[in-house]
Amino acid sequence: MTATKKIVRVTGVTKNFDLGKIVVNVLKGIDLEIEEGKYISIMGPSGSGKSTLFNMIGGLDKPTSGKVFIDEVDIAQLDAYELAWLRCRKIGYIFQTFNLIPVMTALENITIPMTFAGVSNDDALRRGMELLDQVGLTGRHAHRPSELSGGQQQRVAVARALANSPAIILADEPTGNLDLTTGEDIIRLLKELSLRRKVTVISATHDYKMLNVSDQVVWIRDGHVDKIQQREELDIKTGGLESATH
Amino acid sequence: MRRLVALPLSKSFQMAYQSIRVRFFRSLVTTTSLILAVAFLTFTQAGNDITEGLLAAKDPAFVQLLAKIGYEVTPGAANQARSAKQRWIVFLSLLVCVVGIVNAQLMSVTERFREIGTLKCLGALDRFIVRIFIIEAAMQGLAGGIIGALLGTMVACSASIVRFGLASASYLPWSTIGTTAFYAVCTGTGLSLLGVLYPAIVASRMQPVEAMRVEQ
């Protein structure tokens, strides 16, 4: 059995939020290993610690105890410059609220990470146009986010996440603000691109449509990893999910 | 090590300019108060320059006119009191202007929290954010300062022509007025930069996780 590289490794992570009078223990000890090139969904009810775990993996927050390793590098040890480099080159983010810069056109939004990475303007524009083609938005490069529909904005966000060919894409509820068909389109797009570019996709979601494309599903409940299911074990029936009721 | 992520200066200028252009009317409000304050400053200062220039001309007709409107030809206590009062008023108007700028910039930072958080998620360093805000404020300050100085100078010159007649136009001390206008523009830009300092620091300290937070 060849050992695939573990691109993300979470060991014994806990997170407490100090809200003055009370301390909320959101994560109570998470151990997780994510292999390279897989499509992982982190699922769980509201308040289970899904988003907090997600922020830990993405380097947006520091755990109270435990370590998070991205490509075997402990991200708590990184200084501001290295953290910025990590976010620029290694990780691509996709948000529920799309988070495109409203004053910039679609093409400019996609080329921002490339600018930060030091890519020349011509190269950035060329790659930006290619990415727009890949997400199916040729010809919309000069449009601002206000002139694009929700699904199209999310496509631009996907293209932006892939701008610097990252190793990991982190998607926080990517279909949260989209309707059924548009959501399915985005999921299909993410899966296609991740296969083509061999990117690890980690998405935190409520959406059961994600399960069709996931290689692995991590169920979080009450700050613990409830169970981890591989693709073969998922038993999906129309109208619901068998294992969700357990 | 420090060159891991970079934001070229031309790109920061482009981003700052686009922000102003798209939010034009809102930035117009702060810039208007700056224009008026700088215009007032220029007007009072240029007015002084003009009367001094007319005095230096030693034309008896002007000296009579000046004495008639109550301007003491030789320096005295009344003149000092008047100029002290003038200075206070100008200082107050500039202060109000700065407070207005700080407020408007803070509102702008709060409004753009998601944008700032997103830029950080894309790899921006704290100082890129500060740089963008400072360039925006400098552009607004420069534009407001130039318009304000021009406005103030024009009003001062027309006021003196109205008061002292068309003949006084030849005695206008253009170089002194030019210097005054230049200092006024610098003051305008300086005020704008002063006002953006605190908000820019607030913006740079913003955590990227703010961008993720969805208001339910």
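This is a predicted model: local features need pLDDT of at least 70, side-chain atom pairs count only at pLDDT 80 or more; totals for chains, interfaces and linings use all residues.

Reader: What share of chain B counts as buried, then?

Author: It's 39% of the 216 residues. As for contacts in chain B with a separation of 6 or more, 91% of them come from residues 24 or more positions apart.

Reader: I clicked on B:Phe91. Which helix is that in?

Author: B:Phe91 sits in helix α4 of chain B, residues 77-111.

Reader: Switching topic: how many residues does each chain put into the contact?

Author: Chain B gives 24 residues and chain A gives 25. On the chain B side, the elements that supply two or more residues are α1 (9-22), α5 (113-121) and α8 (209-212). By class, that side of chain B has 15 nonpolar, 4 polar and 5 charged residues.

Reader: Which residues touch the most other members of the largest nonpolar core?

Author: That core has 94 residues, and the ones touching the most other members are A:Ile42, A:Ile57, A:Ile168, A:Leu170 and B:Ala124. Leaving out neighbours within four places in sequence, A:Ile42 is in contact with A:Lys50, A:Leu53, A:Phe54, A:Ile202, A:Ala204, A:Val218 and A:Ile220.

Reader: Now chain A. How many residues of helix α1 are buried?

Author: In α1 of chain A (residues 50-57), 8 of the 8 residues are buried, so the helix is mostly covered. Those are A:Lys50, A:Ser51, A:Thr52, A:Leu53, A:Phe54, A:Asn55, A:Met56 and A:Ile57. Just after α1(A) comes A:Gly59, with a positive phi of about 75°.

Reader: And which residues are buried in α4 of chain A?

Author: In α4(A), the buried ones are A:Ala124, A:Gly128, A:Leu131 and A:Leu132. They're on the same side of α4(A), because they cover an arc of only 100° around the axis. The face turned away from that buried side carries A:Asp122, A:Asp123 and A:Glu130, which are exposed.

Reader: What do the buried residues of α4(A) pack against?

Author: They pack against α3 (106-116) and α5 (150-161) of chain A. The helix itself covers residues 121-134 and reaches 20 Å from first C-alpha to last, close to the 20 Å expected. After α4(A) comes A:Gly136, with a positive phi near 85°.

Reader: Which residue other than glycine has a positive phi, near 55°?

Author: A:Lys198 has one near 55°. A:Lys198 is in the loop between α6 (180-197) and β8 (200-205) of chain A, and is exposed, with 10 other C-beta atoms within 10 Å. A:Asp222 isn't a glycine either, and has a positive phi of about 55°. A:Asp222 is in the loop between β9 (216-221) and β10 (224-230) of chain A. Most residues other than glycine have a negative phi.

Reader: Last one: where is A:Pro174, and what is it in contact with?

Author: A:Pro174 is in the loop between β7 (168-172) and α6 of chain A. A:Pro174 is buried, with 28 other C-beta atoms within 10 Å. Setting aside neighbours within four places in sequence, A:Pro174 is in contact with A:Ile94, A:Gln96, A:Gln154, A:Ile186 and A:Ser203.

Key:
Residues are numbered from 1 along each chain as its sequence is written. Chains are lettered from A and ligands numbered from 1 in the order in which they are written. Helices (H or I, at least four residues) and strands (E, at least two) are DSSP runs, numbered from the N terminus. The expected span of a helix is 1.5 Å times one less than its number of residues. A residue is buried if 20 or more other C-beta atoms lie within 10 Å of its own, exposed if 12 or fewer, and partly exposed in between; C-beta atoms are placed from the backbone. The arc is that of the directions from the helix axis to the C-beta atoms. Two residues are in contact if their C-beta atoms, placed from the backbone, lie within 7 Å. Ala, Val, Leu, Ile, Met, Phe, Trp, Tyr, Cys and Pro count as nonpolar, Asp, Glu, Lys and Arg as charged, and the others, Gly among them, as polar. A nonpolar core is a set of buried Ala, Val, Leu, Ile, Met, Phe, Trp, Tyr and Cys residues joined through C-beta atoms within 7 Å.
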